[in-house]
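Take a moment to look it over, and then we can go through a helix and some aromatic rings together.

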Amino acid sequence: MNSQNYKNHARFSPVYHFFAIPLSLIVLIGTIVNVVKSSEQNFYSATLLVMVALLLILAMLFARTFALKAQDRAIRAEENLKHFVLSGKPLDSNLTTRQIIGLRFASDEEFPDLAKKAVADKLSEKEIKKLVKNWRGDYYRI
């Protein structure tokens with residue numbers, strides 16, 4: 001696997017991002033067209049198909065959101081421990097989860113100072129990532 005940096009760190013799951021999501025949207029559009037073209041006799045079943053398509057999309061989105069929230073919690077705990085090991089103090093409570101997620105790419109040498117700068121300058125996750133000099137890859141989050 002190539003070394004990660006700011007330009008290539010975003011990752012996609014091709015089956016999820018480029019197959020499942022577009023296909024589920026096509027299914028939703030198809031079921032809506034089916035409802036519009038349905039007769040009175042099959043209107044009920046056509047509307048049920050729309051609801052099933054919506055439930056499928058919601059289930060996919062919630063599964064993704066819940067997994068990302070769990071990853072965010074793990075990253076927050078890992079980076080708090082890392083900061084404590086490096087500086088003897090926990091991370092500043094004013095750091096947002098998004099800022100901490102940006103900090104996870106910083107090397108041990110720059111992490112404590114970058115964490116201070118993130119709080120002082122109210123840096124965004126993107127700004128923090130751009131300031132990282134020695135990138136520490138995260139090859140698990142998608």
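A residue counts as buried under 20% relative accessible area, as exposed over 50%, and as partly exposed in between. Please keep in mind that this is a predicted model. With those cut-offs, Phe62 counts as partly exposed because its relative accessibility is 44%.

**Helix H2**
- Helix H2 covers residues 43-87, and its 45 residues should span 66 Å at 1.5 Å a residue; the end C-alpha atoms are 65 Å apart, which agrees.
- After H2 comes Gly88, with a positive phi near 80°.

**Aromatic pairs**
- You will find three aromatic pairs in the structure.
- In one of them, the ring centres of Phe12 and Phe18 are 5.6 Å apart and the planes are at 45°, so this pair is tilted.
- Both Phe12 and Phe18 are exposed.
- Phe62 and Phe66 form a stacked pair, because their planes are at 20°, with the ring centres 5.5 Å apart.
- Phe62 and Phe66 are four residues apart in helix H2, so about one helical turn separates them.
- Phe66 is exposed, at a relative accessible area of 54%.

Notes. Residues are numbered from 1 along each chain as its sequence is written. This is a predicted model: local features need pLDDT of at least 70, side-chain atom pairs count only at pLDDT 80 or more; totals for chains, interfaces and linings use all residues. Side-chain values use heavy atoms; hydrogens and water are left out. Helices (H or I, at least four residues) and strands (E, at least two) are DSSP runs, numbered from the N terminus. The expected span of a helix is 1.5 Å times one less than its number of residues. Rings of Phe, Tyr and Trp (its six-membered ring) pair if their centres lie within 6.5 Å; planes under 30 degrees apart count as stacked, over 60 as edge-to-face and the rest as tilted. Buried means under 20% relative accessible area, exposed over 50%, partly exposed in between (1.4 Å probe, protein chains only).
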